[in-house]
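Please read this briefing alongside the sequence and the structure. The points below are grouped by topic.

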Amino acid sequence: MTPKQLRRAVEALETFNVETPSWGFADTGTRFGKFFQDAAAIDMNDKLADAGQVHAVTGCCPTVATHVLWDFTPGEDPRKVVRLARKHGVKLGAINPNVFQDQCYKWGSFGHNDPAVRRQALQHCFDSVAIMKAVGSEYLSLWFADGTNYPGQGSIRERKGYFTDCLRALHQKLGPKQTMLVEYKPFEPAFYQTDIADWGMAYLLSKRAGPRAKVLVDTGHHYSAQNIEQIVAWLLDEDMLGGFHFNDRRYADDDLTLGSIDPYQIFRIFHEIHSFAADRGRLPKIAYMVDQCHNEKPKVEAMIQTVVIAQELYAKAALVDHDRLRAAQAKNRVIDAELLLKQAFFTDVTPAVAAWRRRHRLPADPLAEHRRSGYERHAAADRRARRRALGIVRGGSFA
Ligand code: PSV
Ligand code: MN
């Protein structure tokens, strides 16, 4: 790395934070079963402690996304969770309403043909906005499991109309500093048609909802071979990119650690963001969030691994020489243009990340520091004992 490149990468890291998801620290599984981890979080205090540990060793994860149904107790002051977060050195980030688990949502939420169910879903989202206000959160992060499984099952256009109306009504509840993020997903749990299946649908619905609605790109929610960075570039250009859910995929919503399958794709996404910033002279406001639930990797380690690779790829993408790239593009020098991206991607940015960590008095190697700290061992022993005391049985035995 040249000294100039080092400076550029360190400066880029100064502006890069990643939000961890509360649900990524608790027990999860596939629909075929769960494999439990002793250190999995039992309650909100554990989840926030884990998020605090990720932030303590990485220094760039100051906020935690929460899922309303899983993390807040009805009737309890949500600020209690804020205080708990503070105790663990983090703050609350995006609030995720849950309109997919209650039995009433069998046929959908905002897309349901029964107005009473749509009202119930809306009310839950209004309550979530109230939580946002109470805890000082900026983002309402929306994902809908709505869709149909069989051709003819529902009217696609009618459902689109219901979504348009509900999202517009929800937007009206937002305060001036609040943003709602609309996430898309091509399939699962519905397999014939998902109501918000791709970025175009999320874009259109957001546009109709109002100026504070933006699109959320979950990197796992695309068909194979889809060019995600192109979607990102278009959304940026339209000022409609609100945030990311980071993970990697091989087939569908696989929840793999970021960059584990295709780090170059994540680099290309970051390149589009840096390139936009270079052209416009300002960094776009983007909520970078992780959305992963790990069954095999230790949960806190997987989160740290994702954050570390995100920083590396973000720093690498900051090295692309935009002036030279423009010059190569102008003359249609394809190989030169491509090489400018490749060279940045293959540059070892370890010195820059190390310099950034030194500047912030952080451990040189977050994963090694986490392992050395014995956090996982302590959490496992503590949570095993508490499960026993609480009589929580997992997998048929006291775990
Ligand atoms: C759905 O697959 C999703 O990506 C949404 O973001 C949810 O909020 C999250 O996963 C957790 O279920
Ligand atoms: Mn997601």
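D50 is found in helix α2 of this predicted model. D50 has a relative accessibility of 1% and therefore counts as buried, as the limit for buried is under 20%.

**D50 and its surroundings**
- Residues up to four places away in sequence are not counted here; beyond them, D50 touches F25, A39, A41, V300, Y375 and R383.

**Helices α2 and α10**
- Two packed helices are described by the angle between their axes and the distance between the axes.
- For α2 (residues 44-58) and α10 (residues 299-317), the angle is about 40° and the axes are 10 Å apart.
- The crossing of these two helices, α2 and α10, is right-handed.

**The manganese site**
- Which residues coordinate the manganese ion (ligand 2)?
- The manganese ion (ligand 2) is coordinated at 2.2 Å by E183 (OE), D218 (OD), H245 (ND1) and D291 (OD).
- The site of the manganese ion (ligand 2) has six donor atoms, with angles of 71 to 164° among them, and is octahedral.
- Along the sequence, the donor residues of the manganese ion (ligand 2) follow the spacing E-x34-D-x26-H-x45-D.
- Distant parts of the chain are linked by the pair E183 and H245, which are 62 residues apart.
- E183 is in strand β8 (residues 179-183), and H245 is in strand β11 (residues 241-246).
- E183 counts as buried because its relative accessibility is 4%.
- H245 also counts as buried, because its relative accessibility is 2%.

**W199**
- W199 has its place in helix α7 (residues 199-209).
- Is W199 buried or partly exposed?
- W199 counts as partly exposed because its relative accessibility is 23%, and the buried class requires a value under 20%.
- Leaving aside neighbours within four places in sequence, W199 is in contact with Y184, I231, W234 and L235.
- W199 and K185 are 14 residues apart in sequence, and their C-alpha atoms are 8.5 Å apart in space.

**Backbone details**
- Most residues other than glycine have a negative phi, and most peptide bonds are trans.
- E188 and P189 are joined by a cis peptide bond, with omega at about 10°.
- P189 has its place in the loop between β8 and β9 (193-194).
- D239 is not a glycine, yet it has a positive phi of about 55°.
- D239 is found in the loop between α8 (228-237) and β11.
- With a relative accessibility of 47%, D239 counts as partly exposed.
- R361 is not a glycine either, and its phi is positive at about 50°.
- R361 lies in the loop between α13 (350-359) and α14 (366-373).
- R361 is exposed because its relative accessible area is 77%, and exposed means over 50%.

Conventions
Residues numbered from 1 in each chain as written. Chains lettered and ligands numbered in written order. Predicted model: local features only at pLDDT ≥ 70, side-chain atom pairs only at ≥ 80, totals over all residues. Heavy atoms only, no water. Axes fitted to C-alpha atoms, helices over the stretch in contact; angles between N-to-C directions. Helix = DSSP H or I, 4+ residues; strand = E, 2+ residues; numbered from the N terminus. Left-handed = near helix turned anticlockwise from the far one by under 90°. Donors = N, O, S within 2.8 Å, 3.2 Å for Na, K, Ca; no water. Tetrahedral: all angles 85-135°; square planar, octahedral: opposite > 155°, others 65-115°. Buried < 20%, exposed > 50% of the residue type's maximum accessible area, 1.4 Å probe, protein only. Contact = heavy atoms within 4.5 Å.
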